[in-house]
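I opened the notebook to look up a few local features.

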Amino acid sequence: MDALSPEIWQSVALTIELASVTTTILLVVGAPLAWWLARSKTVLSQAVATIVALPLVLPPTALGFCVLVLLGPNGPGGLLASFWGEHTLAFTFAGIVIGSVLSALPLVVQPIRNAFVATGELPLDVVASQRGSALYDFTTIGLPLARFELFKAGVVGFAHTIGTFGVVMMIGGNIPGHTKVLSAYVIDYVQASRWREASWVAGGMVMFAIAVILTLTLIDKRCPRRST
């Protein structure tokens, strides 16, 4: 069956690798960023929050084009790639990772930020009275209190990356074995009127999405809200 051909399984492995790397970066970068946005009241933080939220309203193809320009030979991505003898980060795995991170960033940062805001000021006042540093506050107060939200944000970020298409298509160019993710095959099969293969791939992604929703629901039920 073509839907289960080696090319498809290669794309599945690539998509899972992309989602795993992207989710790791999202949590490492997103948690400190969310903490700063939750605690800072400056104009700069409001500007950064606006930029982070842009992918929620910007069409994926437009976002992908902007990132493509930045990663191209004449952008900062090209300058960075020159350090190891390349000319661009576009049409590479690193490029689609960057695009996926930017695309899913608001979906990860916003819930974590809300969790940090919900902790209130009292726990931080207690730590401050013991002369705790900002890093100490973040690691000993913020992260433990927001651990369930961090896990849920990671699940959402992973699931979003599994299903991403527009941004990855613009930045990666759908190169089989290198940048062509699973969702791209649904489009290819539909355009070729190969409905059976498209149904297998799309059906698998639907089942994955249902599993993600059930996971988030179970987390909400088993992890009661904490008062601060």
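My entries follow, one topic at a time.

**Entry 1: a helix pair.** I noted at the start that this is a predicted model. I then looked up how helix α1, residues 6-39, packs on helix α8, residues 147-162. The angle between them is about 140°, and their axes lie 8 Å apart. That makes α1 oblique to α8, because only an angle over 145 degrees counts as roughly antiparallel. I recorded the crossing of α1 past α8 as right-handed.

Next I listed the residues that meet. From α1 I found Thr15, Ile16, Leu18, Ala19, Ser20, Thr22, Thr23, Leu26, Leu27 and Ala31. From α8 I found Leu150, Gly154, Gly157, Phe158, Thr161 and Ile162. Sorted by class, this contact of α1 with α8 has 9 nonpolar and 7 polar residues, and no charged ones.

**Entry 2: salt bridges.** Side chains of opposite charge can pair when their charged atoms come close. How many salt bridges does the count come to? I got 2 salt bridges.

One joins lysine 180 and aspartate 188, with 2.3 Å between the closest N and O atoms. Are its partners buried or exposed? Lysine 180 is buried at 11% relative accessible area, since the cut-off for buried is under 20%. Aspartate 188 has 29% and is partly exposed.

Another pairs glutamate 197 with arginine 194, at 3.6 Å from N to O. Glutamate 197 counts as buried, with 13% relative accessibility. Arginine 194 reaches 30%, so I logged it as partly exposed.

**Entry 3: methionine 205.** I placed methionine 205 in helix α11, residues 195-222. Which residues does methionine 205 contact, leaving aside neighbours within four places in sequence? I wrote down Ile162, Gly163, Leu182, Ser183 and Val186. For glycine 163 I also looked up the separation from methionine 205: 42 residues in sequence, 7.5 Å in space from C-alpha to C-alpha. Ile162 had already come up in the contact of α8 with α1.

**Entry 4: positive phi.** Most residues other than glycine have a negative phi.

Phenylalanine 91 has a positive phi of about 60°. I found phenylalanine 91 in the loop between α4 (76-81) and α5 (93-118). Its relative accessible area is 44%, so phenylalanine 91 is partly exposed.

Serine 193 also has a positive phi of about 60°. The loop between α10 (182-191) and α11 holds serine 193. At 48% relative accessibility, I marked serine 193 as partly exposed.

Notes:
Residues numbered from 1 in each chain as written. Predicted model: local features only at pLDDT ≥ 70, side-chain atom pairs only at ≥ 80, totals over all residues. Heavy atoms only, no water. Axes fitted to C-alpha atoms, helices over the stretch in contact; angles between N-to-C directions. Helix = DSSP H or I, 4+ residues; strand = E, 2+ residues; numbered from the N terminus. Parallel < 35°, antiparallel > 145°, perpendicular 65-115°, else oblique. Left-handed = near helix turned anticlockwise from the far one by under 90°. Contact = heavy atoms within 4.5 Å. Nonpolar A, V, L, I, M, F, W, Y, C, P; charged D, E, K, R; others polar. Salt bridge = Lys/Arg side-chain N within 4 Å of Asp/Glu carboxyl O. Buried < 20%, exposed > 50% of the residue type's maximum accessible area, 1.4 Å probe, protein only.
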